[in-house]
Structure formats: C-alpha cells, structure tokens
Amino acid sequence: MASVTGRANFLVVMWLSSVAHVLETEQRIQELVPGIEIQQSVISLRPVKRLGWVLDPRGGASERFIVPELPLS
C-alpha cells in the first residue's frame, strides 16, 4: 500500500493466485471500509516476482531466477 495525492489518495497492490479473486477482494474491501470508492483496477498477468523468481503457470516460483542488473557507480 502507498499514499498518493489527488482525488484517488490510496493505492493497493495485491498478489492474488487467480484473476477471479480480484472482484472478491474488492467487494471485501468495500464491506470493511464503508464509503470507499474503488476508481480503477489494473491486472498484470504472469508478473515476475520482485526478487527475480519467474512465476510458473500456477503462480508459484519456477526454477528460473533472473539476476537484476545493478547500475555501476
């Protein structure tokens, strides 16, 4: 989660095991936070995890790992 400026003032990033869980999760958030207005949903399919592990078709870590390139200073 992150605080942002403007009319939309909150950002939530979720790692879900299925696209079907997006709507369920949004509905649950709306139940828990009365008056919240979800303005936009963006879905990224088959992302690479932050630490370099490539996801398999089920969403788990595969045997592939990408080493991030670090800038030389």
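Buried means under 20% relative accessible area, exposed over 50%, and partly exposed in between (1.4 Å probe, protein chains only). This is a predicted model, where local features need pLDDT of at least 70, side-chain atom pairs count only at pLDDT 80 or more, and totals for chains, interfaces and linings use all residues. Residues are numbered from 1 along each chain as its sequence is written, and side-chain values use heavy atoms, with hydrogens and water left out.

**Exercise 1.** Classify Leu-11 as buried, partly exposed or exposed.

*Solution.* Find Leu-11 in strand S2 (residues 10-11). Strands (E, at least two residues) and helices (H or I, at least four) are DSSP runs, numbered from the N terminus. Leu-11 has a relative accessible area of 42%, so Leu-11 is partly exposed.

**Exercise 2.** Find the salt bridge and describe its two partners.

*Solution.* A salt bridge is a side-chain nitrogen of Lys or Arg within 4 Å of a carboxyl oxygen of Asp or Glu. The structure holds 1. Arg-28 and Glu-31 form a salt bridge, 3.2 Å from N to O. Both sit in helix H1 (residues 20-32), 3 residues apart, which means about one helical turn between them. Arg-28 is partly exposed at 44%. Glu-31 is exposed at 55%.
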